[in-house]
Amino acid sequence: MTNTKAVLFDLDGTLLDSIRLILDSYHHTLEVHGHPPRSDAHWLAGIGTPLWVQLAEWAHDEPVLQAMIATYRDYNVTNHDRVVRAYPGVVEMVHAIRGRGLRTGLVTSKMRTGALRGLNLLGLTDAMDTIVAVDDVANPKPHPEPVTRAAAVLELEPASVIYVGDSVHDMASGRAAGARTAAVLWGPFDRDHLAPSAPDFFLERPTDLLELLAGP
């Protein structure tokens, strides 16, 4: 794809196999604060959106919300490096893309500190030309601002960018920004779940992206 200048990636569920930790962090948070449990499916539906959006049910009480966020983050950070890992082939994929002279970036709904922790574990901190975290934007995904901002930092038009993610919120953000979108199928969601978000491409394995970029 000769008109592609950069590939932007989501983090959790796309590069980092961290979904189980995310779900367990939510379950732990509700238990600690004495709230009734929610199912995995409930939390999965919000994957790709910020923490405070997921916990919006308690947003009417700001002290409670902030305490819950603190509980979530403490559990998540404590268990992060022990539990999460790279999806097979994704680190090699990112390096191969950079080896072809394309720019790379991270667009995530995590705070920057959490995003950097994940990239450091992957060994990809220096492989990203830009990082747009949730604390860098006024309007998080599925709003187009995160993808638009990343493209602007790279001094590129969004149309020359592919945004790679695992959730419908990633696809909505990329599409609204004017970027092409690629939905990964190695994360928590299958093709049937992602199809309504109309991604431009589906990726069954990391090498599919390399083949796509090599095409006309």
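A residue is called buried when its relative accessible area is under 20%, exposed when it is over 50%, and partly exposed in between, using a 1.4 Å probe and protein chains only. Keep that idea at hand as we walk through this structure. It is a predicted model, in which local features need a pLDDT of at least 70 and side-chain atom pairs count only at pLDDT 80 or more, while totals for chains, interfaces and linings use all residues. Residues are numbered from 1 along each chain as its sequence is written, and side-chain values use heavy atoms, with hydrogens and water left out.

Let's begin with the whole chain. It has ten helices and eight strands; here helices (H or I, at least four residues) and strands (E, at least two) are DSSP runs, numbered from the N terminus. The radius of gyration is 17 Å, close to the 17 Å that the globule rule gives for 216 residues, so the chain is as compact as a globular protein of that length. That radius is taken over C-alpha atoms, and the globule rule is 2.2 Å times the number of residues to the power 0.38. Along its principal axes, the C-alpha trace spans about 55 × 30 × 30 Å.

Of the 216 residues, 51% count as buried. Among contacts between residues at least 6 apart in sequence, 65% join residues at least 24 apart.

Now look at helix 5, residues 90-99, where V90, V91, M93, V94 and I97 are buried. Seen down the axis of helix 5, these buried residues fall within an arc of 160°, so they line one face of the helix. The arc is that of the directions from the helix axis to the C-beta atoms. On the other side of helix 5, E92 and G99 are exposed. And what covers the buried residues? The cover includes strand 1 (6-9), strand 3 (85-86), strand 4 (103-107), helix 6 (112-122) and helix 10 (206-214). After helix 5 comes G101, whose phi is positive, near 90°.

Helix 8, residues 168-177, gives us another set of buried residues: H169, D170, M171, S173, G174 and A177. They pack against helix 7 (145-153), strand 6 (161-165) and strand 7 (180-184). Following helix 8 is G178, and its phi is positive, near 95°.

Next, let's visit a few single residues. Leaving aside neighbours within four places in sequence, H80 is in contact with L16, L21, K110, R117, G118 and L121.

S18 sits in the loop between strand 2 (16-17) and helix 1 (19-32). Although it belongs to a loop, S18 is buried, with a relative accessible area of 2%. Setting aside its neighbours within four places in sequence, S18 is in contact with D12, G13 and V84.

Our last stop is H42, which lies in helix 2 (residues 40-44). At 36% relative accessibility, H42 counts as partly exposed. From the C-alpha atom of H42 to that of G99, 57 residues apart along the chain, the separation is 39 Å.

Methods
Contact means heavy atoms within 4.5 Å.
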